[in-house]
Each structure stands twice: as structure tokens, then as C-alpha cells.
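Hi everyone, thanks for coming. I'd like to walk you through one structure today, going from its rings to its ligand and then to a few backbone details. Let me put it on the screen.

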Amino acid sequence: MPVLLLPAATPAAPARPIPAVLGADLQVPVKGGRLVPYANLDYAASAPCLEPVSAAVAAALPAYSSVHRGAGYASQLTTERYERARHTVRAFVGARTDDAAIFTRNTTDAMNLLARCLPEGTTVVVFDTEHHASLLPWPNVVRLAPPAFPGEAIRAVDETLAEIEGPALLVVTAASNVTGELWPIAGLAHIAHRHGARIAVDAAQLVPHRRLNLAALDLDYVAFSGHKLYAPFGAGALIGRPDWLAAAEPYLLGGGAVTSVGADGEETLWSDDPEVRHEAGTPNVLGAVALAAACDALTATGWTSLVREEERLVTRLRAGIAGIEGVRELSLWGPDHPRVGIVSFTVDGLTAREAAEALSADHGIGVRDGKFCAHPFVRHLLGTSDGGCEDGTASAVRASIGIGTTDEHVDRLIEALRALATQ
Ligand SMILES: Cc1ncc(COP(=O)(O)O)c(C=O)c1O
């Protein structure tokens with residue numbers, strides 16, 4: 001048990017006000033050189049930094065030192081901060097006590113790590129609706145067509161898993177990065193387990209918006225990214241069952257992951273602890289500290305007020321968009337299906353790039369355009385089968401919101417779209 005150098009974590013306090021984000025007063029140039037306040041509506045790509053996250057990083061920096069290596073006080077303190085961050089992040093997603101929590105670079109890295117840890121012969125089942133991070137890393141994959149309704153997703157997984165022999169893993173996103181729609185992960189976990197398969201959930205777009213409880217939902221793995229969770233310091237996490245992770249080849253070969261290295265020709269012994277085995281090299285301590293601070297800040301605020309405010313804003317945004325002729329929201333399961341604060345749409349007569357550029361240049365609004373690293377899904381939603389990455393006609397515009405989004409940002413987007421649609 002390491003000596004506790006930092007004060008023990010305080011017991012749960014009453015809910016705090018929603019924290020501020022850095023950059024809320026950012027001014028950006030529009031056509032003609034005038035400066036306007038930036039309307040950041042691109043949270044699904046990367047969310048701004050929460051003030052408590054920035055403060056936690058600033059507080060950790062003066063004692064910043066090596067992790068797991070030094071006997072010096074600063075090194076011990078930094079090691080304790082890093083391991084405490086692991087504990088916080090694990091608790092944030094409601095992990096079981098024996099789950100491993102491995103710090104990664106991001107969700108893509110987490111999914112690639114999991115792909116390397118699959119037992120031999122594992123078949124992975126994914127829907128074509130996935131972000132490429134969850135669609136592409138698997139060596140042996142069955143891809144399912146986008147389901148017409150949530151129950152169809154469960155039926156398709158049920159039928160597919162029934163045909164698979166040997167180990168199987170279902171990989172599914174909890175909230176779509178294209179439509180924001182929530183997937184029935186509890187039902188999918190239930191079906192997967194009924195077939196003896198496991199389920200890994202891509203929670204990159206869920207955890208910034210909703211509480212996730214891995215143990216209660218009976219998920220085997222979750223992956224997410226700090227930079228989408230108001231912690232833009234380059235850390236993500238893979239959390240879940242330790243057995244496959246402990247049995248796999250280390251993700252990176254090098255210092256920190258070994259228990260002993262013999263002479264040339266002798267065996268190298270790798271740690272059996274997945275959190276050590278798969279974290280070779282010096283880890284991203286500040287990324288981990290930032291990620292944990294974001295988890296703490298969201299938990300301290302409480303999900304009730306966060307969700308209430310987001311739903312109010314997203315309802316306002318969607319109602320505004322629905323009232324503009326020529327602007328069409330993309331949706332897999334219809335307008336009433338629950339979703340997080342992500343809204344993708346097309347504007348008649350304009351490519352997505354033209355619309356996004358006009359929103360920025362004329363109105364100081366930041367959105368994303370393209371296929372959002374979900375090419376098969378966006379093609380499905382648009383009803384196109386062609387469209388390379390550069391084909392602007394087969395793309396959409398995405399507005400996404402979170403902490404720091406205001407009514408004015410939403411209204412500015414709606415007014416700007418109305419102007420664009422009637423040009
Ligand atoms: C649902 C989803 N999964 C995975 C990713 C990949 O995240 P990262 O780029 O942080 O690895 C994203 C990023 O947009 C995403 O939206």
C-alpha cells in the first residue's frame with residue numbers, strides 16, 4: 001500500500017453548479033474582419049477544457065516528475081496522482097473492482113489495444129453504423145447492416161451470434177457520433193452474454209453526456225477519449241475484464257511492462273497485471289490527471305442538471321432546424337428516439353463544406369462537415385452508395401453541444417441556417 005501523499009478523496013458533496021469552460025470568451029474574425037464571439041458547436045470532435053480540469057493540471061505541474069520509477073518525493077507524488085486518476089476513471093464508469101483500467105491515447109488506441117488482446121479465433125460483430133475506430137481494428141469481423149429500429153439491432157445480433165463458433169465479441173457504440181442516437185446497450189449486452197459472447201462499448205460520445213455504469217449494464221469493456229470529455233490533454237481509457245488483457249502479448253514492448261529481462265536468448269517476463277503489461281514507456285500523467293479531473297467535475301455537478309440543460313438546448317436546436325425548409329436532420333431511428341447533443345443535417349443546394357464554411361466565415365460558428373469517420377453510416381443515412389472522402393455531396397454538417405453552449409449559440413446557428421437555406 002503506497003504512502004498517501006495527497007489528501008484522501010472527500011466524500012460525495014452536494015451537487016455543484018455546472019463548471020465553466022475555457023475559451024467561452026473567444027473572439028473570432030468573420031468576413032470583413034469584424035470580431036464576434038465564437039459559437040463552438042463542435043463538441044463531438046473535441047470538447048473545450050473545463051476550468052477544473054485546467055486547474056488540476058496546473059496544480060499537478062509543479063511536482064511533475066517520473067511515474068513508477070523515482071524514489072524522490074515529486075516522483076512519489078506524481079505516481080500517486082497517476083494511480084489515483086486510474087481509480088477515479090474506473091469509478092466514473094462504474095467498473096467492477098477487478099476490472100482493469102488502462103490509460104490509452106484515445107478511443108481509437110483503446111479499441112486497437114483490445115483488438116490485439118482477443119483470444120485466437122475470436123469473431124467480432126459490428127454494425128456498419130460504427131465510427132471507424134470501432135469498425136476497423138478487428139482481424140476477423142462480421143459487419144451488420146444498419147438496423148431499421150433498436151429491436152432489429154438486438155435481433156440481428158442474436159441471429160449472428162447463434163451462427164458463430166468460438167469466442168465472439170460484439171462492439172457497439174453507445175451514442176452515435178453522427179446522429180447522437182442512443183443504442184440499446186443493455187439489451188445488446190444481455191443477448192451477447194446469452195450466446196457466451198462479450199460486449200465492448202465505444203462510449204466516446206456517451207460519457208460526456210450521460211452517466212455510464214459498466215457493472216449495472218453488464219458490459220465487458222468500455223473505451224472513451226479525454227479530449228471529448230473536456231480534458232484535452234491526450235489521454236483515453238480502456239476499462240474492463242482483465243483476463244483477455246492479462247493473457248495477450250503486451251501492446252508495446254519496453255520498459256515498465258516487464259518483471260524481468262534476462263541475458264540475450266533468455267526469456268523476458270512480462271507483468272501479469274494488464275495495467276502494467278499494456279502501459280510500457282512513460283505514461284501521459286497529465287492526460288490522466290486531466291481525465292480524472294473531468295470525471296470528478298461532472299460527477300460533482302451531477303447528471304440531473306447536466307442532462308436537463310443539454311436536453312433543453314438540443315430540443316431548441318432540433319425544433320429550429322425542423323422549422324427550416326431545405327434543412328434535413330439525419331436520423332436512423334426517427335425524430336423521437338432519445339439522443340445526446342449531436343445533430344447532423346444537410347442543407348439543400350449547398351455541399352456540407354460550403355454550408356460549414358459559410359457558418360464560420362459569416363457567423364463565427366464552428367461545426368464539422370464530412371462523414372465524421374463513419375463513412376458507411378453516413379452513406380446509408382444519405383442514401384448514397386458512392387462518395388469518396390472528398391465528395392462533398394455525400395457529406396453532412398454536424399452541430400454538437402455540451403457544457404458552455406448557450407441559447408445564443410443555438411439561435412445564431414438556426415438563424416444562419418435559415419439565411420443559407422433561403423439564399
Ligand atoms: C463514437 C466515436 N468513437 C470513436 C472515436 C474516436 O475517438 P478518438 O479520435 O479520440 O480516438 C470518435 C471520435 O470522433 C467517436 O465519435
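Let's begin with a charge and a ring: the charged end of Arg-198 sits over the ring of Trp-244, 4.3 Å from its centre. I say "sits over" when NZ of Lys or CZ of Arg is within 6 Å of the ring centre and within 35 degrees of the ring normal.

A word on the source before I go on. This is a predicted model, where local features need pLDDT of at least 70 and side-chain atom pairs count only at pLDDT 80 or more, while totals for chains, interfaces and linings use all residues. Residues are numbered from 1 along each chain as its sequence is written, and side-chain values use heavy atoms, with hydrogens and water left out.

Now, how many aromatic pairs does the structure hold? There are six. Two rings of Phe, Tyr or Trp (its six-membered ring) pair if their centres lie within 6.5 Å; planes under 30 degrees apart are stacked, over 60 edge-to-face, and the rest tilted. One of them joins Tyr-43 and Tyr-230, edge-to-face, at 6.2 Å centre to centre with 70° between the planes. These two partners are 187 residues apart: Tyr-43 is in the loop between β3 (39–40) and α1 (51–60), and Tyr-230 is in the loop between β9 (221–225) and β10 (236–240). Helices (H or I, at least four residues) and strands (E, at least two) are DSSP runs, numbered from the N terminus.

Are these two tyrosines, Tyr-43 and Tyr-230, buried or exposed? Tyr-43 is buried, at 6% relative accessibility, and Tyr-230 is buried too, at 1%. Buried means under 20% relative accessible area, exposed over 50%, and partly exposed in between, with a 1.4 Å probe and protein chains only.

Another pair is Tyr-82 with Phe-103, which is tilted: 5.2 Å centre to centre and 45° between the planes. Tyr-82 belongs to helix α2 (residues 73–92) and Phe-103 to strand β4 (residues 100–104), so this pair ties together parts 21 residues apart in sequence. Both of these residues are buried. Elsewhere, ring pairs link Phe-127, Trp-183 and Trp-333 into a cluster.

On to the ligand. It is surrounded by 13 residues, the closest being Thr-108, Asp-202, Ser-225, His-227 and Lys-228; a residue is counted if one of its heavy atoms lies within 4 Å. The protein covers 90% of the 390 Å² of accessible area that the ligand has on its own, with areas from the Shrake-Rupley method and a 1.4 Å probe.

Finally, the backbone. Most residues other than glycine have a negative phi. Asp-218, however, has a positive phi, near 60°; it is in the loop between α7 (214–217) and β9, and counts as partly exposed because its relative accessibility is 35%. Cys-373 also has a positive phi, near 55°, and is found in the loop between β16 (368–370) and α13 (375–382). At 32% relative accessibility, Cys-373 is partly exposed.
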